[in-house]
Amino acid sequence: MKPDGSASGYVDGAWWPRSWDLATELPELLAVLAARQGSIERVTYNLTRWQPGTRRLTVDGRVVRLEGFRSQHPGTVTVAGRGRRRLTLLVVPPEATPSAGHHALMTASRRDNVDSTDVLHALDLGADAAVPEPMPAATESWENDGGSRLP
C-alpha cells in the first residue's frame, strides 16, 4: 500500500493473490485492509479475469458485496468501505515469479508512483504471467475515479 495521504496515480497499492479464486483469496486481504479502511462493504473486479464465484462473501461476520464488471481493468480490484472510501489495487498475477512479483508490489506501492495500470502490468512479471488487454487511459481514469473526471 502507498503511505496514507498519498493520493496520486492510478492505484493505491498492489495485491499478489495465490490463485484466481476471488472468494478464497479475499478474506485474508480484507482482514488486512479493514485496519486501514474500516468496514469493507464492496469489492469490484473484472468478470473475465477471476474464476466465477459468489456475489456475497462473509468476512469477520460482515457481508461484503462482490461486483464483477467487464469494463473494470482486468489487472485491478477496487475495495470500498464506509463513507465511500475506496482503494484500487493492482493485481499481480499469481503466476508471477517471486522477484517479478515483489518488484511489481514495491513499484505500485511507492508514494510517488503515477504509472498507469497498463504500465505496471507491462513490468516483467515472469514468463507465465498474462498481461491483460489495455484499457484506454480515459476509461481507466473514469473507472478508477467513479466517473468523476477524465484526464
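Colleague: Which backbone oxygen does the side chain of Asn113 reach?

Modeller: The backbone oxygen of Thr107, at 3.1 Å. A polar contact is a pair of N or O atoms within 3.5 Å; within protein, one must be able to donate a hydrogen and the other to accept it, and residues adjacent in sequence count only if both atoms are side-chain atoms. This is a predicted model: local features need pLDDT of at least 70, side-chain atom pairs count only at pLDDT 80 or more, and totals for chains, interfaces and linings use all residues. Residues are numbered from 1 along each chain as its sequence is written, and side-chain values use heavy atoms, with hydrogens and water left out.

Colleague: Where is Asn113?

Modeller: In the loop between helix H2 (98-109) and helix H3 (117-121). Helices (H or I, at least four residues) and strands (E, at least two) are DSSP runs, numbered from the N terminus.

Colleague: Is Asn113 buried or exposed?

Modeller: Buried, because its relative accessible area is 1%. Buried means under 20% relative accessible area, exposed over 50%, partly exposed in between (1.4 Å probe, protein chains only). Not counting residues up to four places away in sequence, Asn113 touches Lys2, Ser8, Gly9, Thr107, Ala108 and Leu120. Contact here means heavy atoms within 4.5 Å.

Colleague: Switching to H1. Where does H1 bend?

Modeller: At Ala31, by about 30°. That is the angle between axes fitted to the seven residues ending there and the seven starting there.

Colleague: And which residues of H1 are buried?

Modeller: Leu22, Glu25, Leu26, Leu29, Leu30, Leu33 and Gln37. They pack against strand S1 (13-15), S2, strand S3 (56-59), S4, S5 and S6. After H1 comes Gly38, with a positive phi near 85°.

Colleague: On to S2. How many of its seven residues are buried?

Modeller: Five, so strand S2 (residues 40-46) is mostly covered under the 20% limit. Five bridges join S2 to strand S5 (residues 76-81), and the two run antiparallel. Two strands pair if DSSP finds at least two bridges between them. Val43 has Val79 as its bridge partner in S5.

Colleague: How does S2 run against S4, parallel or antiparallel?

Modeller: Parallel, with five bridges to strand S4 (residues 62-69). There, Thr44 stands opposite Glu67.

Colleague: Last one. What does Val91 contact, leaving aside neighbours within four places in sequence?

Modeller: Trp15, Pro17, Trp20, Trp50, Gly75, Thr76, Val77 and His121. Val91 is in strand S6 (residues 86-91). Val91 counts as buried because its relative accessibility is 1%. Its C-alpha atom is 10.0 Å from that of His73, 18 residues apart along the chain.
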